[in-house]
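I opened the notebook to record what I looked up in this structure, one topic at a time.

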Amino acid sequence: MLTGSLQIKNDKYYAMLNLYVNGKRKPKWIPLGLPVRGNKRAAELELCKPITKYENENNAQKLPEGANVLLADYLHQWLEMAKPTIALATYQSYKNMVNARLDRYFRDLGVTLGGVTPTQIQTFYQTILDDGYTTNTVIHYHAVLRRALQNAVKKDIIPRNPADRVDKPKKNSYKASFYSDGEMQELFNVFDNDPLCLPVKIAAYYGLRRSEVLGLKWDAINFAEKSISIHHKVIEVQVDGKFVPYGEDVLKTKASIRTLPLLPVIEKLLLEEKEKRETFRRLFKKDYCKQYLDYICVDQMGNLLRPNFVTEHFSYMVDKFNLKNIRFHDLRHTCASLLLANGVPMKQIQIWLGHSNFSTTADIYAHLDVSAQTETGDVAGTFYTRSEKKHSETITLSQGGEKKSNEPAAGKDGSNDETPSKPCRRVKQAAPEPTVDQAEGTVQRKPCRAKKPSSKPSAVPQSIEKKGSRPRTTSRGVETCPRKTSSQSGSAGRCRKPKELQ
């Protein structure tokens, strides 16, 4: 990498570059023509120019011949080479971006294909943001520039793609605007008897894209089977410096080609449009345009509606009548939101709108599905309520309490005609209390489990008698239980047998 520094000679700034000839360092002094006093910042900026110039010259000697062409000229060459491999709408979009910014910016810099740097590309992106555009616009320009440079890498014109070393900004999440049912009624009233009356209503009912609405033809309408097919579109291309409408059968995705039912309200509008068309043809006679007779959305003279006119006139009418500010494309979002509000599943909305993937529909409209969010909230709200209820019932039963029941109370004699319900959980019953045999004066217990006798002497007194207390025994009262055998644990089992009461 070429390096340089500022030097002072005769009270003026000089740029001293470290050039290498045959592997040996050879300094080169270049006068900047700036006095020392008060020009340090300006001299630092001027230092970059000779460094960039000599770097480009060195790189040009190492790169193939095609790398010396200006980047602006290469972009136009690449467009013509890529035209047969991309859709016409895509080509027109790329061409608009090259003519709008890319050509002017890099031509003014004078940068070549082999000399463009990531810093220059990053600075170009920043100029777009400084003009008030969003990061989505930068992403579009990045896609075009990177694709063009990648073609140069593929053909070994440049060794690597400098656009790959540029930080691409994050996509700006766009929140679509849409109208409610009442707002749509106001919009229809505004566009009544307007040239865009039919396109607006078709876009609102079917959620079609602008190009799909303008591309509808009469042969796509089947009045007998009550169906409408979307398989054609109209875009705007530049021919001899003028933008003209152009129709083609290539839609955005394969899923965009679809057949939908012909709604009665749209069928009525189409039949009325046919009658108007015949009236206009009789009125204008030879002046009526017959080139677009097979298209539905045309003006009074039979000319095909331009896509840009639709966008501009729609915005004009919305502002004129002080309606909520939305775009023509937001009629598509309005259709989807109203379908969701009326309980239509997301999968059916995907087919209706012509999205290629379900994820596309879900990402755009999932936040509008209020009913689904409400149902999810109702289920989630019962999680911990059920758990706490079960936990409290368990604690009540374990403490000897009774589970509350909705059964009728027992009568005075304690009887109940209905069979009591079983407890929800089985509770271990306590061992029965010992009973005192009054005749023999002994305490009777159930035989206990075998227990190995302790080798330690008991420190408990032989007997302790208190008033109202239970008789206790000591280790002296332990006797061998004849029911135990020596086969248990290798020794005779023992159980404690209470002594007779005195």
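How many bridges join strand S5 to S8, and which way do the two run? I had a predicted model to work from. I counted four bridges between S5, residues 227–230, and S8, and the two strands run antiparallel. One pair I looked up is Ser-229, which stands opposite Thr-259 in S8.

**Entry: the sheet**

I then looked up the other neighbour of S5. Two bridges join S4 to S5, and this pair is antiparallel too. Here Asn-222 has Ser-227 of S5 as its bridge partner. S4 and S5 form a hairpin with four residues between the strands, and in this hairpin Lys-226 takes a positive phi near 55 degrees.

I wrote down the order of the open sheet as S4-S5-S8, three strands with antiparallel pairing. S4 (221–222) and S8 (258–261) stand at the edges with a single partner strand each, so one side of each has no neighbour in the sheet. As a reminder to myself, strands of a sheet pair through backbone hydrogen bonds.

**Entry: the faces of S5**

Are the residues on the two faces of S5 buried or exposed? I noted that in a regular strand the side chains alternate between the two faces of the sheet. In S5, Ser-227 and Ser-229 lie on one side, Ile-228 and Ile-230 on the other, and all are buried. Both faces of S5 are therefore covered, buried being under 20% relative accessible area.

I turned to H2 (residues 71–82) and H5 (residues 135–154). Their axes come within 10 Å and cross at roughly 85 degrees. H2 and H5 are therefore roughly perpendicular to each other, since 65 to 115 degrees counts as such. On the H2 side I listed Leu-71, Tyr-74, Leu-75, Trp-78 and Met-81; the H5 residues they meet include Val-144, Arg-147 and Asn-151. By class, the contact has 10 nonpolar, one polar and one charged residues.

**Entry: the cores**

Which residues touch the most other members of the largest nonpolar core? I found Leu-187, Val-200, Tyr-206, Phe-314 and Leu-331, out of 52 residues. Among the elements that each supply at least two residues of this core are H6 (181–190), H7 (197–206), S5 and H10 (307–320). H7 gives the largest share, six residues.

Leaving out residues up to four places away in sequence, Leu-187 touches Tyr-179, Val-200, Phe-314, Val-318, Leu-323 and Leu-331. Another core, of 34 residues, lies apart from this one; Leu-75, Phe-106, Val-153 and Val-166 are among its members.

Note on methods:
Residues are numbered from 1 along each chain as its sequence is written. This is a predicted model: local features need pLDDT of at least 70, side-chain atom pairs count only at pLDDT 80 or more; totals for chains, interfaces and linings use all residues. Side-chain values use heavy atoms; hydrogens and water are left out. Two strands pair if DSSP finds at least two bridges between them. Axes are lines fitted to C-alpha atoms, for helices over the stretch in contact, and angles run from 0 to 180 degrees between N-to-C directions. Angles under 35 degrees count as roughly parallel, over 145 as roughly antiparallel, 65 to 115 as roughly perpendicular and the rest as oblique. Contact means heavy atoms within 4.5 Å. Ala, Val, Leu, Ile, Met, Phe, Trp, Tyr, Cys and Pro count as nonpolar, Asp, Glu, Lys and Arg as charged, and the others, Gly among them, as polar. A nonpolar core is a set of buried Ala, Val, Leu, Ile, Met, Phe, Trp, Tyr and Cys residues joined through side-chain atoms within 4.5 Å. Buried means under 20% relative accessible area, exposed over 50%, partly exposed in between (1.4 Å probe, protein chains only).
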